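Here's a quick walk through one model, starting with the overall build of a chain and ending with a pair of helices. Have the structure open as you read.

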Amino acid sequence: MAVTSADIDSQLAAARPPLGKAALTLVRQQPLGAVSGLLVIIMILMAVFAPEIAPYDPVRNFYDHMQMAPSSEFWLGTDQFGRDILSRIIFGARTALFIGFSCAFIGSTVGLVLGVTSAYFGGWFDLLFQRVMDVFLAFPLIIMALAVVAIFGTGAQNVIIAITIPLIPRCARVVRSNALAIREIPYVDAARALGFSHLRIILRHMAPNCMAPFLIMLTTFLGQAILLEASLSYLGLGVQEPTPAWGLMLQGGAEEYAESAPWIAIFPGLAITLAVFAFNLFGDSLRDTLDPKLRSR
Amino acid sequence: MMKGNRLKALCAVFAGLAVGIGATGPAAAETPKHGGILKYVVPAEPPSFDGHIETTFALIHPVRPFYSVLIKVNPENPSSTTDFVCDVCVGKVPEPTDGGKTYTFKIRDDVYFHSGEKMTAQDVLATYQKIIFPPAGEPSARKAFFVMVDSVTAPDDHTVVFKLKYPSGAFIPALAVPFNWIYQKAKLDKDIHWYETHIDGSGAFIFEKREAGAYISGKKDPRYYLKGRPYLDGFQAIFAKKQALRVQAIRGDRAAIEFRGFPPKARDDLVRALGNKITVEESDWNCVLIMTVNHKHKPFDDVRVRRALTLAVDRWGGSKYLSKIAIVKTVGGIAFPGSPLAATKEELQQLAGYWPDLQKSRAEARRLLKEAGVDLNKTYYFNNRAVDQPYKIVGTWLIDQWKQVGLKFEQHVFPTGPFYAELRKKKDYDVSLDFNCQSVVNPLVDVSKFISEDRSGNNYGNYIDRDVDAAFDKMNRTADPAEQRKYMREMEKLTLDTHANAFITLWWYRIIPHRSYVKGWKVSPSHYLNQALDNVWLDK
Amino acid sequence: MYRYILKRLLLMIPTLFGAAVLVFTLLRLIPGDTCELRLAGSGGYFDQSALDICRHEMGIDQPKLMQFWHFIWGIMRFDFGKSMWTGQPIVSEMAMRFQLSMEIAILATIVAIVVAVPLGTISAVKQNTWIDYVVRAISIAGIAMPSFWLGILIILGLLIGTQHFLGTPWMPPITYTPIWVDPAKNLALVVWPAIATGYRYSAVATRMTRSAMLEVLREDYVRTARAKGLFEKLIIRRHALKNAMLPVITVIGIEFAFLIGGLVVTEQVFNLNGLGKLFVESVTNNDYSMTQALVMLVVMIFLFVNLLVDILYAWLDPRIRYR
């Protein structure tokens with residue numbers, strides 16, 4: 001009885017929970033998840049259609065209206081330069097989601113590939129790889145970000161690099177333990193026996209079966225990346241003025257004016273909290289649906 | 001001869017000062033009380049303790065009280081640019097002899113170092129040898145201030161003689177720079193680096209403790225040569241990097257004063273919260289942010305494009321609204337606005353970037369850009385320093401101003417180290433912010449920032465301009481104030497307008513709100529001056 | 001067991017070496033150096049020969065491999081040398097700051113445990129009730145909220161609150177007094193950042209406790225205990241909690257290790273003179289020796305805490321044995 005690649009593929013397909021069905025189950029079983037999913041969609045829409053939704057240009061300085069309280073003219077008030085906070089928050093969603101998605105996606109994808117590869121090859125390669133990952137895990141994140149910014153400068157691109165680097169080993173670790181389990185399943189040996197290349201096995205057979213932890217890591221990373229970007233901006237290492245970004249809005253002026261113009265500090269902080277809240281909840285519900293046994297952090 | 005507006009401007013400055021002085025009470029009317037520890041906050045920590053090497057106020061604020069200097073700006077009149085008094089010298093600051101080329105100082109007989117030994121002229125000599133003629137490899141931050149000095153000698157234990165190569169009005173102000181601390185010859189002979197990591201002076205306070213990153217504290221020196229001083233029992237200089245926290249510290253009475261300066265918002269918050277428990281002192285500040293244009297980068301090698309940069313900026317309007325949120329305020333030229341060499345409002349309004357009609361100015365800018373064929377779709381590189389007040393605020397404002405004439409800039413903000421590396425070496429930037437902050441107000445020397453690159457030592461714009469150099473030299477070789485003023489105007493016009501080399505943004509404005517029980521300290525145009533703290537007392 | 005510990009200790013060496021290489025390379029890539037910053041940092045005049053002498057004294061004019069060798073050799077002898085920026089010995093620069101950061105980390109851990117264990121347990125026991133939802137909401141808010149934002153709100157709340165109710169504004173002290181010198185002043189300073197950090201920490205631990213308890217409560221032996229008629233509280237305390245503690249301890253341990261490096265932002269907000277602030281300063285000052293020493297310290301702590309957690313895990317759960 002010859003085992004064909006089609007057989008293997010179908011076995012694998014059977015092992016995977018179909019994502020479309022999972023989505024429906026999600027809504028039914030997890031109302032919280034559905035709500036957060038809605039929030040996520042709203043945020044994405046806000047980011048995409050920002051120029052249409054925002055009432056003002058986010059970098060336009062209204063010098064006559066500096067630090068105004070929320071009013072009918074400026075719904076969330078203005079900041080120290082006289083810029084409309086609502087518009088800046090809407091455009092800030094763009095920055096947050098752009099950076100968040102980039103970091104999360106790149107981080108988890110690279111982590112996925114590396115983790116699976118490491119588990120697949122095992123032996124010395126795995127040992128070495130683990131040590132390298134340990135180094136990056138142990139290395140203080142902020143210092144790495146500081147160094148990246150000091151070397152390459154500030155700006156969205158470098159922030160993405162700075163945030164993605166520590167995310168990769170975290171994903172790789174989780175994926176690796178998952179992949180190690182899969183590796184024991186006979187069909188991988190069978191595939192090797194059939195002469196499939198390493199790359200094909202890794203990418204087409206093992207990786208898709210690590211989708212569950214991958215997706216979970218992805219959504220976790222989204223929230224973490226947004227928070228990290230906010231922290232870096234707070235330290236002055238993120239995107240720079242006058243780009244609208246939530247973390248940046250909390251830096252500098254916010255603390256100074258916190259008493260006389262608290263809205264400058266409150267609304268961006270709320271935006272960050274809500275965004276991360278939504279992504280985390282969504283990720284939780286996703287995880288509960290996809291793999292109830294996987295109660296990782 | 002003072003013209004109408006100039007007089008008004010000066011009156012405004014002095015009126016502002018009078019408010020400050022009046023609020024603390026004239027010194028004669030109140031008797032200083034003895035005792036108490038003064039706690040104050042300092043925004044940064046100094047790298048080393050050697051005043052001859054460092055240039056940061058972060059060293060002055062916590063460490064100056066431990067040392068004496070030869071002469072200093074009169075603490076009772078710290079905004080003066082000509083009123084100097086003796087510290088360890090005897091009597092009044094001597095007039096020069098020998099056609100203005102020799103200065104002879106008599107040293108006091110009752111000055112003791114805190115480690116016990118008496119100060120002699122040999123110590124003063126060794127100190128100034130280190131400052132003016134440092135041994136090879138030993139840095140001295142103010143060597144260039146003393147280029148006019150030919151030699152320093154100490155004929156006996158109580159006399160120090162400075163011989164100059166030519167008479168110069170810049171010598172006495174250079175001597176009065178508050179970094180020229182008197183060190184002990186014996187210690188310098190043993191190890192010239194000793195003072196970088198140790199503190200042993202002859203000032204009003206003895207070094208008590210340093211907790212790394214936290215504070216430096218000092219206690220009163222009972223043997224201080226000015227009897228009855230200091231009034232304080234001691235002080236504690238606490239390092240607090242975040243401005244919001246420094247303001248809160250004063251509000252929560254964890255500290256009484258901060259000696260650098262707060263933006264207007266902080267002052268308003270403190271006054272609103274504490275009423276008459278807070279006294280506010282204000283002054284023009286001898287600090288300014290400069291737009292340094294990279295002359296070697298196209299299209300900024302074209303003088304038309306550079307003129308457009310300055311024509312786009314609304315300085316008069318900017319002064320109004322930026323002064324509400326930042327520590328900048330006064331519109332001025334290259335000379336400190338409070339000095340006699342500064343331009344009047346009418347003179348300023350002749351220069352590009354200072355025209356009273358903003359629309360006309362910006363239209364001209366757009367025209368120049370078009371004529372020079374500048375690519376308006378390109379985003380240019382603006383180099384800035386990662387400090388909020390006022391760098392990032394001014395930077396954000398400038399980008400907005402340039403946007404109004406169609407020029408797009410992206411701000412690249414770096415921490416201090418990489419910022420200077422970029423400014424000095426890499427030269428990737430198109431325009432950068434830079435600053436010019438001096439301690440003693442000495443416009444003759446202060447404007448050396450704008451002379452050619454090969455002569456200036458701190459001009460980073462990549463340009464040579466011999467006309468500016470000529471005006472600078474002529475200005476420094478004459479002792480006649482009217483002549484000096486003429487050459488200053490010439491230099492100003494060339495730099496800011498005709499050759500458009502580098503531009504002034506706005507001069508800073510110093511606002512010091514402090515607890516009302518702190519008395520005896522007067523604000524000055526420099527956050528480096530009047531920090532010996534021997535005249536401060538607490539009314540508690 | 002001992003073989004396992006030995007193996008882990010040996011495996012730490014390549015990780016430490018890797019961290020050393022990483023920090024060394026990163027720092028050398030940053031433009032500028034301490035000497036430049038010190039001698040010409042304020043835009044003043046500087047002179048090339050002074051710069052050269054300074055570089056020579058610091059050893060940064062030597063070829064990179066030489067510098068790396070000095071660094072590694074220093075680490076091996078536990079001689080960290082002097083800070084390039086201040087010239088003072090690194091150990092004395094770090095001492096007070098280490099104390100402060102450690103104190104906050106430990107306090108935050110205590111806050112986390114004290115909050116997480118009861119809350120997580122209640123949430124698990126009363127799963128899907130409103131209590132559960134409230135606790136889950138609070139914990140996710142804790143993870144979602146930027147800790148520096150919380151810190152800002154705390155300081156402001158203190159200032160405005162005390163002004164409103166007491167007439168004079170009160171804020172925490174701005175200098176550090178060790179706990180054995182003046183416990184009141186020490187705690188007045190440290191408790192706020194501990195809460196700001198601890199909130200987030202407790203949120204993570206609460207979620208972990210909850211899910212661990214949920215799993216355990218489903219186990220057979222719990223059902224057996226219930227069938228035997230034991231009081232619910234007894235079941236929870238004697239059987240469920242002990243077994244649920246395992247993953248919770250793991251999480252607490254791992255988060256603690258990250259905490260050390262993560263205190264940077266909190267210290268900024270509260271102006272604490274801790275390791276985090278020292279870190280940021282030494283990187284911005286291009287202080288190679290200090291940054292390198294700090295990174296090695298933090299990495300070592302991280303690895304040791306991880307090892308301790310694993311050992312604790314193995315010790316507590318007799319089922320787990322490591323190869």
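## Chain B as a whole

Two residues count as in contact if their C-beta atoms, placed from the backbone, lie within 7 Å. By that rule, residues 24 or more positions apart account for 70% of the chain B contacts with a separation of 6 or more. This is a predicted model, where local features need pLDDT of at least 70, side-chain atom pairs count only at pLDDT 80 or more, and totals for chains, interfaces and linings use all residues. Residues are numbered from 1 along each chain as its sequence is written, while chains are lettered from A and ligands numbered from 1 in the order written.

Chain B has 18 helices and 18 strands (DSSP runs numbered from the N terminus: H or I of at least four residues for helices, E of at least two for strands). Its radius of gyration, taken over C-alpha atoms, is 23 Å, close to the 24 Å the globule rule gives for 540 residues, so chain B is as compact as a globular protein of that length. That rule is 2.2 Å times the number of residues to the power 0.38. Of the 540 residues in chain B, 56% are buried (20 or more other C-beta atoms within 10 Å of a residue's own).

## Two helices in chain C

H1(C), residues 2-29, packs against H4(C), residues 64-76, at about 135 degrees, with the axes 11 Å apart. The contact uses Ala20(C), Phe24(C) and Arg28(C) of H1(C), plus Lys64(C), Phe68(C), Phe71(C), Ile72(C) and Ile75(C) of H4(C).

Definitions and conventions: Axes fitted to C-alpha atoms, helices over the stretch in contact; angles between N-to-C directions. Buried ≥ 20, exposed ≤ 12 C-beta atoms within 10 Å, placed from the backbone.
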